[in-house]
Amino acid sequence: MVPAGTHAETRSASTPASRTLLFLRRWVANPLEMGSIVPSSPALGRRVAAAAKRIAAGAPVVELGAGTGAITRALLEGGIAPARLTVVEIVPEMADVLAAAYQGVNVVCGDAWSLRTLLGPEATGRVGAVVCGIPLVLLPRPRQAALIEAIEDAAPGRGFLHYSYCITSPLPRAAHGLEGRRLAWTPLNLPPASVWHYRPRAAG
Ligand SMILES: C[S@@+](CC[C@H](N)C(=O)[O-])C[C@H]1O[C@@H](n2cnc3c(N)ncnc32)[C@H](O)[C@@H]1O
């Protein structure tokens, strides 16, 4: 867990306005890594949380790219207990905000591509649902494939949830050996967003 309050930003990012400002500032610094200029809406969060709860069926849930916690909050409000939830965020200032706001949640500051190392041997392979908020559509295909592999290692056969602003699938399903379907769409997000569930394609 990241020690809370190690960055000055933690204190100033305790309101919705300041969290949005932090988001915007990070987008200016690294637009490809952020993928969005503002945090996800509660409407999108509710749709992601409902799907994650159903897919996880009581097992641990991992969120990748938790940002300032818009989806984290929805997962908790949707009934996933803090002790079941691990959130991964690469930006230390944001991980600090998460650790300060969500007591009891396992907040990990690190690179999602190193998921096995971040989760450790006990949790690897036992995850029930992975929620990916990292903007995969912007990445080259080999980089997408590496994260899909890391997720499969953590949550074998479960696939992952991914929210996106794309009109069509943000991932080339066939190229990655995935089945994917859109579970939900909401216009109440800036911009409107879809929730996708990708799973390894059944053999045969
Ligand atoms: C589109 S934002 C989503 C933030 C938040 N989940 C939300 O919905 O408001 C993408 C987030 O992924 C994080 N991210 C990008 N690359 C990452 C990586 N390699 N490992 C962990 N987090 C990453 C970014 O820092 C950013 O917070």
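## Around the ligand

The shell around the ligand, in this predicted model, is made up by class of 14 nonpolar, 6 polar and 3 charged residues. Of the 23 residues in that shell, the ones that come nearest are Pro 39, Ser 40, Gly 65, Gly 67 and Gly 133. If you want to know which elements give two or more residues to the shell, look at helix 3 (31–34), helix 5 and strand 2.

## Strand 1 and its two partners

Let's turn to strand 1, which spans residues 61–64. Val 61 and Glu 63 point one way from this strand, Val 62 and Leu 64 point the other way, and all are buried.

Strand 1 runs parallel to strand 2 (residues 85–89), with 4 bridges joining them. Within strand 2, Glu 63 has Val 87 as its bridge partner, while Leu 64 is partnered by Val 88. To get from strand 1 to strand 2, the chain crosses through helix 5 (residues 70–77), and this β-α-β crossover is right-handed. Strand 1 is also joined by 4 bridges to strand 4 (residues 129–132), and these two run parallel. There, the bridge partner of Leu 64 is Cys 132.

Strand 2 is mostly covered, with 5 of its 5 residues buried. Leu 85, Val 87 and Glu 89 point one way from strand 2, and Thr 86 and Val 88 the other way.

Strand 2 is joined to strand 3 (residues 106–109) by 4 bridges, and the two run parallel. Here Val 87 stands opposite Val 107. A right-handed β-α-β unit is made by strand 2, helix 6 (residues 92–101) and strand 3.

## A loop residue: Thr 68

Thr 68 has its place in the loop between strand 1 and helix 5. Is Thr 68 buried or exposed? Thr 68 counts as buried because it has 26 C-beta neighbours inside 10 Å.

In soluble globular proteins, nonpolar side chains tend to be buried together. Here, the largest nonpolar core has 60 residues, and those with the most contacts inside it are Val 48, Ala 52, Ala 129, Val 130, Val 131 and Leu 161. Helix 4 (residues 42–56) gives the most to this core, with 7 residues.

Leaving aside its neighbours within four places in sequence, Val 130 is in contact with Val 62, Leu 64, Ile 151, Ala 154, Ala 155, Arg 158 and Phe 160.

Note on methods:
Residues numbered from 1 in each chain as written. Predicted model: local features only at pLDDT ≥ 70, side-chain atom pairs only at ≥ 80, totals over all residues. Buried ≥ 20, exposed ≤ 12 C-beta atoms within 10 Å, placed from the backbone. Pairing = 2+ DSSP bridges. Right-handed = clockwise from strand over helix to strand, strands pointing away. Near = placed C-beta within 6 Å. Nonpolar A, V, L, I, M, F, W, Y, C, P; charged D, E, K, R; others polar. Core = buried A, V, L, I, M, F, W, Y, C linked by C-beta atoms within 7 Å. Contact = placed C-beta atoms within 7 Å.
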